[in-house]
Amino acid sequence: MKHLTLSLAFLLVLTAPLATQAQIPAPPANIPMPNWAEVFPGTNPSARAMAAMVYDAAAGKAVMFAGLGPNGNILSGTFLWNGHNWTQEQPKTHPSPRYWHSMAYDGGAKNVVLFGGFDSHDNLLNDTWVWNGSNWKQEHPKTVPPARIASAMAYDSSDNKVVMFSGEQHPEPIADTWVWNGSNWTHEHPSLAPEARQGHAMAYDAAKGNVVLFGGVASDGTVESDTWLWNGSNWSLFKPAHSPSPRSFHTMAYDSVRGQVVLFGGGDPFGNPLGDTWVWTGSDWIQTADTGQPTPRFSQAMTYDSSHGELVLFGGANTAGYFGDTFVWK
């Protein structure tokens, strides 16, 4: 699987210098920007990268599952963040250990949806699980997307469905769009779609009513810097005046207080970790001031904690190894 090999090489072979970024405008004076701050909870998950985390609105807590730890150990723990501390849950049933899986909160069904990933037997997975706040349950839909890793998912509130796009598949990634309605997957066939990719990120922009997709690694190995919008039936390429540099394995989440999608970090085309923060206003990308931001990294987990009005970020990796730290952006 040449593209999986490419992904692992991206994480392990990191030598080239960072590219120089063009000058970008300062954010508008009437939009106060938050700052990053590291927090030190009493308990912390072990260091990991390639985990997935979303905010469970019904429970009022962020949920993080699994990931890849130092020395290649594949994890399976379920952790909850209550705004102050992490707690590890002990559900009766749970997905198998995995990494590079995708998760989103299904606002219609009021549960967290998990799909796919890479397991300890070198298998790409295509199983669907839901988290109800206390336990995991495997779903058995009639229609199932092909197995994949490093895809991206987001809940489209306008359409009341979870949207999943592309990811590393076997033998080749395809630019497929799937939606989850709470009980079954449906393969969409939009007239226009982004190129097949992995390591991209998506978030639902509630202010504009569309899903935003940015970046990732294309099938030919090109690291992208394109912005795409999903309106519930079709993709459209948006060409903003300013944009983050090409990257992959970054994270995105919607800040409901400011009505903006926030992007952090990732890896550049040479495999260097990035530590910049950008916001999507609905029409342009704006880079925020570098104040207290996490150490540059990729493959971290991040979501927006609506109960506390802040982004929460955990873990990730860079050339020095894996992180087990927690940051908030508020």
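**Cores and loops of a predicted chain**

The largest nonpolar core has 14 residues, and M50, Y99, W100, F118, I149, A150 and F249 are those with the most contacts inside it. A nonpolar core here is a set of buried Ala, Val, Leu, Ile, Met, Phe, Trp, Tyr and Cys residues joined through side-chain atoms within 4.5 Å. Another core, of 13 residues, lies apart from it and includes F65, A66, V112 and W136. The model is predicted: local features need pLDDT of at least 70, side-chain atom pairs count only at pLDDT 80 or more, and totals for chains, interfaces and linings use all residues. Residues are numbered from 1 along each chain as its sequence is written, and side-chain values use heavy atoms, with hydrogens and water left out.

The protein chain has 1 helix and 27 strands; these are DSSP runs numbered from the N terminus, helices being H or I of at least four residues and strands E of at least two. Its radius of gyration is 18 Å, close to the 20 Å that the globule rule gives for 330 residues, so the chain is as compact as a globular protein of that length. The radius is taken over C-alpha atoms, and the rule is 2.2 Å times the number of residues to the power 0.38. Along the principal axes, the C-alpha atoms fill a box of roughly 50 × 50 × 40 Å.

Of the 330 residues, 56% count as buried (buried is under 20% relative accessible area, exposed over 50%, partly exposed in between, with a 1.4 Å probe and protein chains only). Among contacts (heavy atoms within 4.5 Å) between residues at least 6 apart in sequence, 55% join residues at least 24 apart.

F249, already named in the largest core, lies in the loop between strand 18 (235-238) and strand 19 (251-255). Phi of F249 is near 55°, a positive value in a residue other than glycine, and F249 is buried, with a relative accessible area of 6%.

D122 also has a positive phi in a residue other than glycine, near 65°. The loop that holds D122 runs between strand 7 (111-118) and strand 8 (124-131). At 57% relative accessibility, D122 counts as exposed.

In the loop between strand 11 (161-165) and strand 12 (177-180) sits P171. A cis peptide bond joins H170 and P171, with omega about 5°.
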